[in-house]
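Dear colleague,

Please find below the structure for your records.

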Amino acid sequence: MDGVIRSGNIKTRKDHKCHGCKEVIPKGTTTYSEIQAYEGKIETLYECNKCVEWCIKKDCMDCLISENAYEGYIKECMKENGCWEGDK
C-alpha cells in the first residue's frame, strides 16, 4: 500500500538534505518530515523551515512533500515566485 505513513515535525539527530530545496538541514533542527511507502519502498523525506514557510506563504500545503514532487521543486518555485500546484 502506497502513501504517507507518518508526517509532522521532528528534531533531527543528524544532518539531512531538504527535499524541497536540497539544502542541508543541520543536526538538532526541528523540521517537517514525512515517512512514505512507495512501490514497496519506505523512505523518509525532510523539508527545511524555509520551504515550509514558503508553502504557507503561498497557501499551498500540497507543496509539502508530495508523492509527485521531485527533489528541489520548491527551490524552483521560489525562483519563479509560483507554486508547482498552481497559485491559490
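In the sheet, Ile 10 stands opposite Thr 31 in E4. The model is predicted, so local features require pLDDT of at least 70 and side-chain atom pairs count only at pLDDT 80 or more, while totals for chains, interfaces and linings use all residues. Residues are numbered from 1 along each chain as its sequence is written, and side-chain values use heavy atoms, with hydrogens and water left out.

Strands here are DSSP runs of E with at least two residues, and helices are runs of H or I with at least four, numbered from the N terminus. Strands pair if DSSP finds at least two bridges between them. E1 and strand E4 (residues 30-38) run antiparallel and are joined by eight bridges. The open sheet has three strands in the order E1-E4-E5, with strand E1 (3-11) and strand E5 (41-47) at its edges.

There are two salt bridges (a side-chain nitrogen of Lys or Arg within 4 Å of a carboxyl oxygen of Asp or Glu). In one, the closest N and O atoms of Glu 71 and Lys 17 are 3.3 Å apart. Glu 71 lies in the loop between helix H1 (49-57) and helix H2 (73-80), and Lys 17 in strand E2 (residues 16-17), 54 residues apart. In the other, Glu 23 pairs with Lys 50, with the closest N and O atoms 3.1 Å apart. Glu 23 is in the loop between E2 and strand E3 (24-25) and Lys 50 is in helix H1, so this pair ties together parts 27 residues apart in sequence.

Yours sincerely
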